[in-house]
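Have a look at the sequence and the fold, then read on.

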Amino acid sequence: MNIGKSLILLVVAAVLTYPLVPQSSDYIIHVMTLAMVYMILAMGLNIVPGFCGLLDLGYVGFYGIGAYTAGLLTIHYGLSFWVIVPLAALNGALWGALLGAPTLRLTGDYFAIVTFGFSELVVLFLTNEIWLTRGPLGLPGIQPITLNLTWLNDAWYFEFYDKTPNFYVVALLVGLVFFIMRRMEDSRLGRAWYAIREDPLAAASCGVNILNYKVIAFAISAAIGAVGGAFYARWSMFLSPDMFKFWESFLVLCMVVLGGLGNIKGALLGAVILVSLGEVLREVLSSLGLPPESRFMAYGLIMVLIMRFKPAGFFPAIASSGRSNPLLIDLQKRLAARNVPKEETRDAAT
Amino acid sequence: MTPLLEVNGISKRFGGILALTDVSFNVIEGEILGLIGPNGAGKTTMFNCIAGVYKPTSGDLVFTLGGKSQRINGRKPEKMTELGIARTFQNIRLFSALTVLDNVRIARHCRTTSNFFRSVLRTRFQRAEEKEIVDASMRWLDFVGLGHHALANASSLSYGDQRRLEIARALATEPKLLLLDEPAAGMNPKETRMLVDLIHAILDAGVTVMLIEHDMKLVMTICKRLVVLDHGTLIAEGGPKEVRENPQVIEAYLGRGAAHA
Amino acid sequence: MLEQQLINGLTLGLIYALIAVGYTMVYGVIQLINFAHGEIYMLGAFFCVTFITAAGLPFYAAIFMAILCCILCGILLDIIAYRPLRKAPRLAALITAIGMSIFLQNVALMIWGSRSRPFPQTALPPFFREKALVLGDVSLTWLQLFIFAVAIIMMIGLYLTINKTRIGTAMRALAQNKTAASLMGINVNYVISFTFALGSAMGAVAGILVSVYYNTLYPTMGYTAGVKAFAAAVLGGIGSVPGAMVGGVVLGVAETLGAGYVSSLYRDGVAYAVMIAVIIFRPSGILGKSVIDKA
């Protein structure tokens, strides 16, 4: 294990133990929780533009679908969070597939605009279907996440009103999504997506059914967005249609771009950086007497500059498709044993 | 004996232009068939029809596998690949941001089945399949002589090596029929000689080869049979000697080609 | 009632058409959805009002100056943001376009504030609000007539520019094949700049007309109008200028009728739904070419 890796593990461990420190600030825990919600979204969105090379401008639509699914199921049926997460994911995937199947045949530009229209329709629906969503008034009184372990011990029934348990729930979800992303990236599925991104015609000639794999990507991406929404609903305990406007899609896209399209760890860093920047800018802008929305000027500029000067994002592609997979490590050894000049294999490994 | 592929009166129209007019010929199993003709004769269009990129306007393509014949025109490229028709491209189309190995691993797609759940859970089946994919890919990379470059970036390969990688990628789909679109274009004489050996090795591996090529010397030495297109119509078919002596071909093609040779 | 709705829809539709041609022309020459076009439209309105209130210019002079400023913005937008990415993957250019759109919108927000403001009524010719025509229940104001006239004159001007001038021929050549056009001695960058200038001028006029018609302007106005105009361009067949005109009018009428007879809450939804439906069922639009991703 090298120094860089140990350092990352150390930072992750420090962040994870922070809420247990008695002097920990609620505000920082809150910001970290928010950053982790965006980590889920950024990882999920990354599948579509990052792995498949398609611009998705309506990601917030799936986030909203997940959030309202969770909120309504909680209020009307009192379902447990642990049941709701898979249901929200399924609902997200369903809408992703319904939207993707007819529109992913089209060129990327059309797809981008369709996703945008879709997310605007979601907001309009949430605003206007008052019988279901209470419209602009929002959906208050969503129960917090509960953990029912009474089957183990009668006293073990927990309600997560506090910031700390929520922090750990979302950390768990981030870990889960990260795990799934890494496994997908280094698999037949991930390779098919990369092929589509690099050259659709060559991908088809390799036997990849392009439309199918794009729809799968879009549905999985939507499902992850919906999981993020489901947590958000139970964490904030209040939802309103305003939370799911285009700005959010843009922000998540900006995180993905900043971290490098197709780079999973980059998306995590992008989320941390932009959430922190957002907090800082909110302070700075209000002290300058500017409206808080104007922070998006910075985000817009970041995106333009990155596309111009560092299209691969700020962080080098840390892993190109599962270098740490035992199969590849084994192959590398075998190649080295063939007496190939050392430089060549080392070049390849970096 | 039924031919591997029967091209039966294929026509392809783009708007007002007929790129192919009623072209018929057969591809016989185990042969190297050359498809030649001057620029714009419709050779690549023919390839694209066979590979499923274009749907022929009329006519039939009949593919025979294990004694079973089926009409295949209009199928999608991925279906053609699944069926056993692989191809390379005139302008190299590699997945250039990926490694050499990944380029070939992607080609194993149609011969493997692991889905989302198996990939995420990394089941025993999936791990075995992944190992099989790496082994098969390495086998084909070694076959074309690129094994030691497996972990390099595809874009870092030399031009000739990129062409060979494309061939390895096509072979990894386990085709019965391999379509090579100008495989020797841009190669130096040494690389071309290696290509000739490679094509013979492919034939020995039980794959039928059909190739488009402008290098007449190459075509005349390796192809037992040639099909000549001009302005979208078939003007001659037969052995190299016959074709070379066919007055129509000389007029359309070799008359000009001979000056270069 | 229906006739009145049709007239209102037509007014709106002509304005959409003016914006839509900007999208469609740029798409035609560089195959890019210029998301920031909606911001040029917004800037047109703000420049005009600023010239009236801050510089004290009369209405028509302010319009002229606003158009010049927008043309400049459009050209600069292309040179600074898009030109360096001509050879980059399309995804990069699209993301840049989105980034520029958000950036410009927020620059406007910082300069002019987020509140919506009225159009300075005193600067307008007083007869604008008077009725020009009354036929039974249906009425047409001078303002609506003015919008019709301006939009139609600009469309005819655009049509003549594209079809009858040297630069228009160059634009059409570029839309067909950029490489061939540059080999024929066409200065590609000059023609692209000209296209942006033309589109921006039309967008600026549309922005001014809308802010006068609805008597309001705000920094985010380009965002919905931009998407609706894009929907109009798609409806007519992207890349086709007559298509954008037809699409704009159809969409404007559909939206007004939808708001009047279906549900006013889903006013914007009509545009999005029409757009998605067109993209799914007839992606080539009314007058366009096929866009199915063959590769």
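Contact here means heavy atoms within 4.5 Å. This is a predicted model, where local features need pLDDT of at least 70, side-chain atom pairs count only at pLDDT 80 or more, and totals for chains, interfaces and linings use all residues. Residues are numbered from 1 along each chain as its sequence is written, chains are lettered from A and ligands numbered from 1 in the order in which they are written, and side-chain values use heavy atoms, with hydrogens and water left out.

**The sheet in chain B**
- Six strands form an open sheet in chain B, ordered β6-β7-β8-β3-β9-β10 with mixed pairing (strands are DSSP E runs of at least two residues, helices H or I runs of at least four, numbered from the N terminus; two strands pair if DSSP finds at least two bridges between them).
- The edges belong to β6 (85-87) and β10 (233-238) of chain B; each has a single partner strand, so one side of each lacks a neighbour in the sheet.
- On average, neighbouring strands of this sheet are turned by 20 degrees against each other, direction ignored.
- β3 (32-36) and β9 (225-230) of chain B run parallel and share four bridges, with B:L33 partnered by B:R225.

**Helices on the sheet**
- Helix α6 (159-171) of chain B lies across β6 and β7 (177-181) of chain B, at about 160 degrees to β7(B) (axes are lines fitted to C-alpha atoms, for helices over the stretch in contact, and angles run from 0 to 180 degrees between N-to-C directions).
- Helix α7 (189-204) of chain B packs on the sheet too, touching β3, β7 and β8 (208-212) of chain B, and makes about 145 degrees with β8(B).
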